[in-house]
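Welcome! Have a look at the structure first, then try each task before reading on.

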Amino acid sequence: MADHSQEFRISLFTHLKGYSVEESTITVPATATRAQLSKLVNELLELEKPLPFDFIIQEEFLRSTLGDVLRTHNLPSEEEIPVEYILALLPPKPHATSSENDWISGIDIRTNSPVSAASPNNSGGTNLIASSSYDGLGRLYDEEANVKTTLQIHVGPVRDIAFINRNDALQVVTCGQDEVVALHHLNPTNMSTKEIIKCVAHKASVSCVASRPDGTMVCSGGHDNTIRLWASEPERDDLVIADKKKRKDAIPVFNLEDPLLTLNAAIAAITSVIWPENDLLFSGSEDHAIKSWDIVKAVSASSLTGPKVVTHIDYCCPSRLLAAAGFDGSTRLYNTANNAIHLSSVMTCHQAPISCLSWNPKNEYQFVTGSLCEQTNMRVWDIRSHRTPVCGIPSHKEK
């Protein structure tokens with residue numbers, strides 16, 4: 001039970017530019033909560049419009065009282081306690097909703113799509129959301145969750161989808177359980193499919209795809225334990241018409257049999273690939289391995305084997321941290337500086353396997369995780385607080 005008469009000396013600090021308090025050492029009651037400390041910081045800053053702040057003590061967000069946290073960590077009451085404050089992130093709310101016919105296996109987003117430039121009613125930028133589904137389709141949505149176009153070429157579940165990073169064209173890559181990687185060329189004006197190129201070198205289900213930052217290539221990882229690199233605009237002489245008997249008005253479909261490069265990447269299925277730099281990509285696999293690849297030399301630049309199956313990876317360019325989701329519900333953070341991979345920390349994020357994660361593109365400290373079989377199956381995390389999430393997002397009823 002909290003002692004209402006007990007007080008602590010805390011030292012407030014922040015890395016936020018323009019929000020440092022002049023009087024940093026303050027005496028506060030043991031019963032102080034996040035809301036009370038946030039009000040205190042606002043008063044010290046004399047802000048015209050109050051802002052919500054979060055507080056981190058001993059790598060943990062303040063979610064009860066100050067006294068509870070200090071007792072949990074056995075911190076001496078007579079010493080000054082450093083307390084970092086950051087801008088609080090309120091739990092996101094759904095903006096729009098759309099339901100698909102089966103499991104959604106992958107999503108990607110493209111900001112300032114070429115659709116906006118081609119549109120006669122150009123308003124300066126359009127975001128597109130791509131999804132892949134086990135119903136065998138890929139879909140592109142606008143920000144209001146309206147389906148703009150449907151991508152159909154796979155036989156069976158589509159396992160992943162990604163926009164190809166091109167400013168001069170609208171192009172999407174998908175992969176499926178049918179062993180096919182498909183390059184979809186779309187008309188940015190009306191979103192119709194102009195051409196499909198089927199890359200057909202994989203010998204088993206293809207689970208993940210990613211685009212090179214300059215948009216010249218894509219990579220695919222599969223259950224044949226390989227990563228294959230493909231040109232986003234292959235030489236026309238390398239293409240073979242997939243079905244010469246199709247109607248003349250049908251969408252042209254071509255086969256591409258030879259990748260630019262094949263990497264024998266693992267002794268088990270590749271589960272995730274990320275391509276943050278033109279000559280460097282990362283992979284995660286079911287053999288517990290994280291690997292970086294030098295595609296110029298066509299070799300693994302570094303690797304590290306962890307304790308559990310890697311289900312998904314993402315990379316934060318400013319911090320050079322790679323986040324790897326695990327089947328054990330943990331996220332492992334790896335420092336990739338100096339062309340090496342070193343375990344930095346382990347965060348227990350869920351009690352069930354994590355199926356996906358993504359860094360916040362506007363905040364190098366935050367990432368979001370999605371898990372199987374939990375009510376709050378999405379959680380936002382801050383790497384400065386390993387024990388408690390920023391917030392939970394109970395946005396889905398199932399996995």
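**Exercise 1.** In which helix do Arg-71 and Asp-68 both lie, and how many residues apart are they?

*Solution.* Before starting, note that this is a predicted model, where local features need pLDDT of at least 70, side-chain atom pairs count only at pLDDT 80 or more, and totals for chains, interfaces and linings use all residues. Residues are numbered from 1 along each chain as its sequence is written, and side-chain values use heavy atoms, with hydrogens and water left out.

Step 1: find the helix. Helices (H or I, at least four residues) and strands (E, at least two) are DSSP runs, numbered from the N terminus. Both residues belong to helix α2, three residues apart, or about one turn of the helix.

Step 2: recall the helix rule. An α-helix has 3.6 residues a turn, so residues three or four places apart point the same way.

Step 3: look at the side chains. Arg-71 and Asp-68 meet in a salt bridge, 3.1 Å from N to O. The term stands for a side-chain nitrogen of Lys or Arg within 4 Å of a carboxyl oxygen of Asp or Glu.

**Exercise 2.** Which parts of the chain does the salt bridge of Glu-80 and Arg-9 tie together?

*Solution.* Step 1: check the bridge. The side chains of Glu-80 and Arg-9 come to 3.3 Å, N to O.

Step 1: Glu-80 lies in the loop between α2 (66–72) and β4, while Arg-9 is in strand β1, so the pair ties together parts 71 residues apart in sequence.

Step 2: judge exposure (buried is under 20% relative accessible area, exposed over 50%, partly exposed in between, with a 1.4 Å probe and protein chains only). Glu-80, at 35%, is partly exposed, and Arg-9 is partly exposed at 36%.

Step 3: widen the view. The whole structure has 15 salt bridges, and Glu-84, Asp-382 and Arg-384 are linked in a network of them.

**Exercise 3.** What kind of aromatic pair do Tyr-19 and Phe-53 form?

*Solution.* Step 1: set the rule. Rings of Phe, Tyr and Trp (its six-membered ring) pair if their centres lie within 6.5 Å; planes under 30 degrees apart are stacked, over 60 edge-to-face, and the rest tilted. By this rule there are six aromatic pairs.

Step 1: apply the rule. The centres of Tyr-19 and Phe-53 are 6.3 Å apart and the planes are at 70°, so the pair is edge-to-face.

Step 2: Tyr-19 is in the loop between β1 and β2 and Phe-53 in strand β3, 34 residues apart.

Step 3: Ring pairs link Tyr-19, Phe-53, Phe-55 and Tyr-85 into a cluster.
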